[in-house]
Amino acid sequence: MKQISVLDKRYDFLGRLAIVLQTQNIQMSFETANKMLAENGLRPYASSRGLASGISAAYRAWERVENKARISNPYSRAI
């Protein structure tokens, strides 16, 4: 089965980071998040405005991936 991926590596990184933080219930300060983004080549996102735009774009990119990966059930009916 072919793996569907996010083409833009920045959005891939942000999406995977969000998944790890959420599933492992990890919390970090905004300053720590900014430092980590800068260290991983995402310096433009290491600010309030940059992080907000990056998260928004990553969400849209991952939403497209999820929509392509969604399995439809031919036996389901709308209620």
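Which residues does Ala 58 touch, not counting residues up to four places away in sequence?

Analyst: Leaving out residues up to four places away in sequence, Ala 58 touches Tyr 11, Leu 14 and Gly 15, a contact being heavy atoms within 4.5 Å. Quick ground rules: the model is predicted, so local features need pLDDT of at least 70 and side-chain atom pairs pLDDT 80 or more, while totals for chains, interfaces and linings use all residues. Numbering runs from 1 along each chain as its sequence is written, and side-chain values use heavy atoms, without hydrogens or water.

Ala 58 also sits in the largest nonpolar core, a group of 9 residues that includes Tyr 11 and Leu 14. Such a core joins buried nonpolar residues (Ala, Val, Leu, Ile, Met, Phe, Trp, Tyr, Cys) through side-chain atoms within 4.5 Å, buried being under 20% relative accessible area with a 1.4 Å probe, protein chains only. α1 and α3 each supply at least two of its residues, and α3 has the largest share with 4; helices here are DSSP H or I runs of at least four residues, numbered from the N terminus.

Leu 14 and Gly 15 turn up again at the largest pocket: among its 18 lining residues, they are in the group closest to the centre, along with Leu 17, Ala 18 and Ile 55. A pocket is an open set of 1 Å grid points fitting a 1.4 Å probe, with protein on both sides within 12 Å along at least five of seven lines, and lining residues have an atom within 4 Å of a point. Here too α3 gives the largest share of the lining, 7 residues.

How values were computed: Buried means under 20% relative accessible area, exposed over 50%, partly exposed in between (1.4 Å probe, protein chains only).
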